[in-house]
Amino acid sequence: MTASVHGPVDVVCLGESMVTFLPTQAGRLADVPSFVRGIGGAESNVACALAAAGHRTRWVGRVGADGFGDHLVSAIAAYGVDTSAVARDPERPTGVYFRTATDRATDAHEVVYYRAGSAASAMSPHTVPSGAIRSGRVLHLSGITAALSPDCLALMRDLATRRDGGPLVSFDVNHRPGLWGDPSAAGVLLELARGADIVFVGEDEAEQAWGVRGADAIRAALPEPSVVVVKRGAAGAVSFTRRPERHSTPDPGAVTDAVTDADTVTTVPAPRVTVTAPVGAGDAFAAGFLSATLRGLTAGQRLRHGHLWAAAALTVPGDLAAPPAAGHADRLAALDDEAWGRLHLGPGWTGEDQEVRTP
């Protein structure tokens, strides 16, 4: 099933989506007896989350003319995402991967990709529809695509460039060392990030890729983007927003709202979360932040919505989670600093049987 969105598009997301096989129990891949089929892909995850929240989104990608490609397109379209610009490749397969249930940050985590020579690796400036890509208010990309092939890198270099009158370019660094066959990743990712308008980067991955430590140093390495969001895991997130003018009133939702000569620097801690599965949080955070950006919310509110959407992903078993209802998220994001600091979100908190606890 292919879905089309009629009318203007809020966010276009481009990248590889794959069929993912999720373990039915914890343990090494060698010991897991069975897996459940799902879908995975940083950019399509963002598109699905935003569509579930009511935004008009389009996913642009390339899949094989096979059953796995059929499943991906159908599953993503079921979220309400426009998939009309997804190409089918009769010669290359849809990528798949298997992973363990453990946290990606631990040594016990295993991921096995079967994506070499995939249909998505054939994306290039000549094989994707430029009109569909640039049709939204925001174009969301990630560094994963650049690692798939030289053609994909050429495409990313073409897209990760600010243009007058074009969409805002959103770029999630998503440093995946295992996808790169040489040490060029660091320079490529820095180059692409510096061409974007909005950049998401983890404090840990910036240190690993660029040898840059700390939020201020990351901003110094990325002076061009209008907004740089540094994710600090359980410690929260910091945004650097180039300021055309100084805010005369405090930003609600910002625990720290400092002003430098060039930036408004906003720091918001993450709420405590009882984690069901430690996957999908980064994509959900980006989607929540972009949703709040599209709604014109302040920097502090954007970070809080990012944290809340990430908490929704962390409290479900798979990579994708329905975001909290806008009204519910708005009420939580509007809490004063003390109440926000007491939040403790557990499984089910986004539904009617929500579990939002304070100590």
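**Close-up 1. Salt bridges in the predicted model.** Arg62, Asp89 and Arg92 are linked in a network of salt bridges, a salt bridge being a side-chain nitrogen of Lys or Arg within 4 Å of a carboxyl oxygen of Asp or Glu. This is a predicted model, in which local features need pLDDT of at least 70 and side-chain atom pairs count only at pLDDT 80 or more, whereas totals for chains, interfaces and linings use all residues. Residues are numbered from 1 along each chain as its sequence is written, and side-chain values use heavy atoms, with hydrogens and water left out. A search of the whole structure finds 18 salt bridges.

**Close-up 2. The salt bridge between Arg219 and Asp263.** The closest N and O atoms of Arg219 and Asp263 are 2.8 Å apart. Arg219 lies in helix α8 (residues 215-221) and Asp263 in strand β15 (residues 263-268), so the pair ties together parts that are 44 residues apart in sequence; helices (H or I, at least four residues) and strands (E, at least two) are DSSP runs, numbered from the N terminus. Arg219 is buried, with a relative accessible area of 7%, and Asp263 likewise counts as buried at 7% relative accessibility, where buried means under 20% relative accessible area, exposed over 50% and partly exposed in between (1.4 Å probe, protein chains only).

**Close-up 3. The salt bridge between Glu338 and Arg342.** The side chains of these residues, Glu338 and Arg342, meet at 3.4 Å, N to O. Being 4 residues apart in helix α12 (residues 337-342), Glu338 and Arg342 are separated by about one helical turn. Glu338 is exposed, with a relative accessible area of 58%, while Arg342 is partly exposed, with a value of 33%.

**Close-up 4. Strand β2 and its pairing partners, β3 and β7.** In β2, 6 of the 6 residues are buried, so the strand is largely enclosed by the rest of the structure. Met18, Thr20 and Leu22 point one way from β2, and Val19, Phe21 and Pro23 point the other way. Strand β3 (residues 35-40) runs antiparallel to β2 and is joined to it by 6 bridges, whereas β2 and β7 pair in the parallel sense over 3 bridges; two strands pair if DSSP finds at least two bridges between them. The bridge partner of Phe21 is Arg37 in β3 and Phe98 in β7.

**Close-up 5. The aromatic cluster of Phe21, Phe35, Phe68, Phe98 and Tyr114.** The structure holds 7 aromatic pairs, for which rings of Phe, Tyr and Trp (its six-membered ring) have centres within 6.5 Å, with planes under 30 degrees apart counted as stacked, over 60 as edge-to-face and the rest as tilted. Phe21 and Phe68 form an edge-to-face pair, 6.0 Å centre to centre with 75 degrees between the planes. This pair links distant parts of the chain, Phe21 in strand β2 (residues 18-23) and Phe68 in helix α2 (residues 67-77), 47 residues apart. Phe21 is buried, with a relative accessible area of 14%, whereas Phe68 counts as partly exposed at 33% relative accessibility.

**Close-up 6. The buried face of helix α6.** The buried residues of α6 (residues 185-194) are Ala185, Val188, Leu189, Leu192 and Ala193. Seen down the axis of α6, these residues fall within an arc of 130 degrees, so they line one face of the helix; the arc is that of the directions from the helix axis to the C-beta atoms. Their cover includes α4 (143-146), α5 (150-159), β10 (168-172), β11 (198-202) and α7 (203-210), contact meaning heavy atoms within 4.5 Å.
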